[in-house]
Amino acid sequence: MSSQPIATTVVITVNGTPVHGVITHYNPYDITIEITRPFTGFTTGCHIPCFARNHRNYRGESGREKVIELLTGLYLDLVTVSSKKGHLLSEMKKNGGLLDTISKMQEEQTTLRQQKASLKKYFKHKVISQKSYQSQVKTLKDRDFALHMAMDTAKTDFIEKHLSRLCGFVGMKQLFDFLAK
């Protein structure tokens, strides 16, 4: 079943605050909602996997309830993050903090890209064999992958340490983009 293009506005009240959102994607097995007020630029969603579709769907009342749950959770997570934004930024920026850690890993990734480009030149000019080239490129790619994983782990650890009360409605990329503003 194809998803319906939809832009249905939703308005709820959470702890006395009007919260506005737009359903940006809806089908009986997937819902995505974007909060538009009092925050903007954040989305969350929910998906029912194929194996559970005989027993669950987002048609009718269950869909309406899921939309309210998603928008409420997203709003409450954003309130929590907003209230701690100053502290989070200072923790991220301190020496040896998250930004230092990620910066060092990104510098190493830049070095890996340069090494990969050099290897490609050596291979094209027949300075190294194909076997040697492939072996060395694989080593560089493996290290790059390990760095990506280490950055994700560092971010996850930071969130768990400083925002353990989040319900998980704000995605990690959205969270770090918000903190970077």
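Visitor: Is Ser132 buried, partly exposed or exposed?
Guide: This is a predicted model, in which local features need pLDDT of at least 70, side-chain atom pairs count only at pLDDT 80 or more, and totals for chains, interfaces and linings use all residues. Residues are numbered from 1 along each chain as its sequence is written, and side-chain values use heavy atoms, with hydrogens and water left out. Buried means under 20% relative accessible area, exposed over 50%, and partly exposed in between (1.4 Å probe, protein chains only). Ser132 has a relative accessible area of 24%, so Ser132 is partly exposed.

Visitor: In which helix is Ser132?
Guide: Helices (H or I, at least four residues) and strands (E, at least two) are DSSP runs, numbered from the N terminus. The run that holds Ser132 covers residues 130–162, and it is helix 4.

Visitor: What kind of aromatic pair do Phe42 and Phe178 form?
Guide: Rings of Phe, Tyr and Trp (its six-membered ring) pair if their centres lie within 6.5 Å; planes under 30 degrees apart count as stacked, over 60 as edge-to-face and the rest as tilted. The structure holds four aromatic pairs. For Phe42 and Phe178, the rings are 5.4 Å centre to centre with 70° between the planes, and the pair is edge-to-face.

Visitor: How many residues apart are Phe42 and Phe178?
Guide: Both Phe42 and Phe178 are buried. Phe42 is in strand 4 (residues 42–47) and Phe178 in helix 5, so that the pair links distant parts of the chain, 136 residues apart.

Visitor: What kind of pair do Phe158 and Phe176 form?
Guide: Phe158 and Phe176 are both buried. Phe158 lies in helix 4 and Phe176 in helix 5, so the pair ties together parts that are 18 residues apart in sequence. The ring centres of Phe158 and Phe176 are 6.3 Å apart and the planes are at 50°, so the pair is tilted.

Visitor: Which helix gives the most to the lining of the largest pocket?
Guide: On a 1 Å grid over the protein atoms alone, a pocket is an open set of points where a 1.4 Å probe fits, with protein on both sides within 12 Å along at least five of seven lines; lining residues have an atom within 4 Å of a point. Grid points are joined across faces, edges and corners, and a volume is the space filled by probe spheres set on the points. The largest pocket has about 290 Å³ of space. With six residues, the helix that gives the most to its lining is helix 5.

Visitor: How many polar residues are in the lining of the second largest pocket?
Guide: The second largest pocket has a volume of about 150 Å³, and helix 4 gives the most to its lining, with five residues. Ala, Val, Leu, Ile, Met, Phe, Trp, Tyr, Cys and Pro count as nonpolar, Asp, Glu, Lys and Arg as charged, and the others, Gly among them, as polar. Besides three nonpolar and four charged residues, the polar residues in this lining number four.
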